[in-house]
Amino acid sequence: MSQLFGALLLWLGGLSSASFYAPVHRVKQWAWATYWITLGFAAWIIMPIVGGLLVTNDLFHVLSTSPTQARLLAYLFGVLWGFGGLMAALALRYLGLGLGNSIALGVCAIVGTLVPAAMEHKMNLLISSLSGQVILLGLFVCLIGIVFCGWAGYLKEKSIAKTAGDSPDSEFAFGKGLLVGIGGGIMSAFMAISFTFGKPIADASLQAGTQEVFKNIPILVFSLAGGFTTNFLYTMILNIRDKRLGDWNLADRKVLMINLFWALVSGIMWYGQYFFYGMGETQMGEYKFASWSIFMASIVICANLWGIALKEWKDASTKTKVVLWIGILILILSICLVGLGNYLDTAK
């Protein structure tokens, strides 16, 4: 039963992750870097503290008394993850919401699932036990589903090249997007590693009286602060170079307030992905590292559904849409397989 609850939480995290970028279409007169770091300030600085205060017993005592090494490593891997998040955001910009997430998260699913398993010395368990083998099959099926989604994106790119590919308003760039998507996927997986190194912080939270399901939330204070560091430096360089620091002081105050509102909404939804992931991971038993593949698959599914809703695929051929839906259905199957593997472990 706990695995089912955990899977639901991971799905909510995936939905939150896939949805956070949608409000960008409502932001006017801001450079992309301005929007990104503004939502990032809400997501990576404000919300980790707010979320931690809401669910952690004596948050600041937990943060101050946790092992220094755990805090430092959670922060450092957060810095590295920040590079991944930045590149993944650029993949969204160049490939669109559906395809950009598919490529970045496909790579991220592999690294973020298998590396923590190796760190926890459970690779042999994955290979030698029936439950582990089912989970590995689920991960493999997940990758197949993501390949189908990426193939649909490639077919879409070919169609755009024939019709609106030369439009000055189109930022679609498959080659550039593929490069940053793969790089972003590798480094985005460092968040899963940050959770692994941050385990002593979660243990301190439990000792302070925090409920089991919320024990991972304080880790986000350090991990996301690391991510903010990376993104702040990059976006400030961009805005200084492009002379866009005035974006935060627009003469049209109504537009400024609307932009700030949507950036805040985006930031809250962005934070929600790891808030729910941190909760869901605690419910997945011996193979909790497999939570990452469920999380990634749910993001890809929800992102592509958003892409359809935002009409990113409206000009795609019937073949392209069929390939996309096959990919989505395969991803759903992968989630079922990982869930089955966890169930088999608890049913022994």
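Does Lys243 count as buried or exposed, and at what relative accessibility? I looked it up: Lys243 counts as exposed, at 76% relative accessibility. My cut-offs are under 20% relative accessible area for buried, over 50% for exposed and partly exposed in between, with a 1.4 Å probe and protein chains only.

Entry, basis. I am working on a predicted model, in which local features need pLDDT of at least 70 and side-chain atom pairs count only at pLDDT 80 or more, while totals for chains, interfaces and linings use all residues. I number residues from 1 along each chain as its sequence is written, and side-chain values use heavy atoms, with hydrogens and water left out.

Entry, positive phi. I found Lys243 in the loop between α11 (219-241) and α12. Its phi is near 55°, a positive value in a residue other than glycine. Helices here are DSSP runs (H or I, at least four residues), and strands are E runs of at least two, numbered from the N terminus. I also noted Asp58, which is not a glycine but has a positive phi of about 60°. Asp58 sits in the loop between α2 (32-55) and α3 (59-65) and is partly exposed, with a relative accessible area of 46%.

Entry, aromatic pairs. I paired rings of Phe, Tyr and Trp (its six-membered ring) if their centres lie within 6.5 Å; planes under 30 degrees apart count as stacked, over 60 as edge-to-face and the rest as tilted. The count by this rule is 25 aromatic pairs. I looked at Tyr274 and Phe295: their ring centres are 5.8 Å apart and their planes are at 55°, so I logged the pair as tilted. Tyr274 is in helix α12 (residues 253-281) and Phe295 in helix α13 (residues 291-309), so the pair ties together parts 21 residues apart in sequence. Tyr274 is buried at 4% relative accessible area, and Phe295 is buried at 0%.

Entry, core. I took a nonpolar core as a set of buried Ala, Val, Leu, Ile, Met, Phe, Trp, Tyr and Cys residues joined through side-chain atoms within 4.5 Å. The largest one has 93 residues, and Tyr274 and Trp270 are among those with the most contacts inside it. Helix α4 (residues 68-95) gives the most to this core, 11 residues. For contact I used heavy atoms within 4.5 Å. Neighbours within four places in sequence aside, the contacts of Trp270 include Phe20, Trp44, Trp81 and Leu224.

Entry, cavity. I searched on a 1 Å grid over the protein atoms alone, where a cavity is a set of points at which a 1.4 Å probe fits but cannot get out, and lining residues have an atom within 4 Å of a point. Points are joined across faces, edges and corners, and the volume is the space filled by probe spheres set on them. The search of the whole structure gave 1 cavity of 30 Å³ or more. The largest cavity has a volume of about 290 Å³. I listed 23 lining residues, with Gly85, Ala88, Ser188, Trp270 and Gln273 nearest the centre. Helix α4 gives the most to this lining, 7 residues.

Entry, Ala202. I placed Ala202 in helix α10 (residues 199-207), buried at 1% relative accessibility. Its C-alpha atom is separated by 4.8 Å from that of Lys215, 13 residues apart along the chain. Not counting residues up to four places away in sequence, Ala202 touches Lys215, Asn216 and Ile219.

Note on methods: On a 1 Å grid over the protein atoms alone, a cavity is a set of points where a 1.4 Å probe fits but cannot get out, and a pocket is an open set with protein on both sides within 12 Å along at least five of seven lines; lining residues have an atom within 4 Å of a point.
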